[in-house]
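Hi,

Here is the structure I promised to pass on. My notes follow below it.

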Amino acid sequence: MKIVVCVKQVPDTKGGVKFNPDGTLDRSAMLAIMNPDDKAGLEAALRLKDQYGAEVTVVTMGLPKAEEVLREAIAMGADKGILVTDRVLGGADTWATSQTLAGAIRNLEYDLIITGRQAIDGDTAQVGPQISEHLNLPVISYAQNIKIEGNSVIVERQFDDRYHVLKAQMPCLITALAELNEPRYMTPGGIFDAYNAEITVWGRDKLVDVEDSNLGLKGSPTQIAKASDKVRKGAGEKVVLDPTESVDYIMDKLLTKHVI
């Protein structure tokens, strides 16, 4: 079995967010981590590898520094890492990103593609399903459990207060929830292997069946009207009262705001 996992290097928002003049994220100026949903998808692929002997290839699109998440993935147990990077890909929205990743994946053999449900820097949950459309594959989203049965995959798909059980013939694409599992830690041996691993780097020329008009900022139909860091809240209203007065004060506020 051959599994392709798509991961994204996202800003560690604890360290603050910076923007370019055009409203896009200045990723080169921020600390970065592997997107949590993607990490759960990677762990799912590694568990399938442990069980069935699958080959796991991890693909990411981003700046050259995105190589870091590929080495992290290899340290966790992935077999190969592919970085898709090119200046013409910068500023891509979900449409251009999915076009790019689909163009790269067309170079690979795969039975299963796993992506995260969504990235914490965009929260759109669009890229995975869009990749499946570009590659004409069935998709099962919001996976909270994955099993393999012959040439099919059986997935518990989260749905409100219950779940659906869906079965699809491979090849297909699955989007994973962060709650799918608890990702493993990198091992000392894995870190050593990752340090010495050769990361494959692809540019625009390696994208198959993708028009230039669908790439990068120019190929992104999404227009950013405004971008900002976290909204800073004021100190609020401060009062000093004795316990009895405090209860009356709080109850009055709750009644005034129709909380109770």
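**Threonine 175**

Threonine 175 sits in strand S10, residues 172-176 (strands are DSSP E runs of at least two residues, helices H or I runs of at least four, numbered from the N terminus). This is a predicted model, where local features need pLDDT of at least 70 and side-chain atom pairs count only at pLDDT 80 or more, while totals for chains, interfaces and linings use all residues. Residues are numbered from 1 along each chain as its sequence is written, and side-chain values use heavy atoms, with hydrogens and water left out.

With a relative accessible area of 1%, Threonine 175 is buried (buried is under 20%, exposed over 50%, partly exposed in between, with a 1.4 Å probe and protein chains only). A polar atom of its side chain lies 3.0 Å from the backbone nitrogen of tyrosine 142.

**Serine 213**

Serine 213 is in the loop between S11 and helix H6 (243-256). Buried or exposed: which is serine 213? Exposed, because its relative accessibility is 53%. Beyond its neighbours within four places in sequence, serine 213 is in contact with Lys218 and Gly219. From serine 213 to isoleucine 260 is 47 residues in sequence and 54 Å in space, C-alpha to C-alpha.

Cheers

Definitions and conventions. A polar contact is a pair of N or O atoms within 3.5 Å; within protein, one must be able to donate a hydrogen and the other to accept it, and residues adjacent in sequence count only if both atoms are side-chain atoms. Contact means heavy atoms within 4.5 Å.
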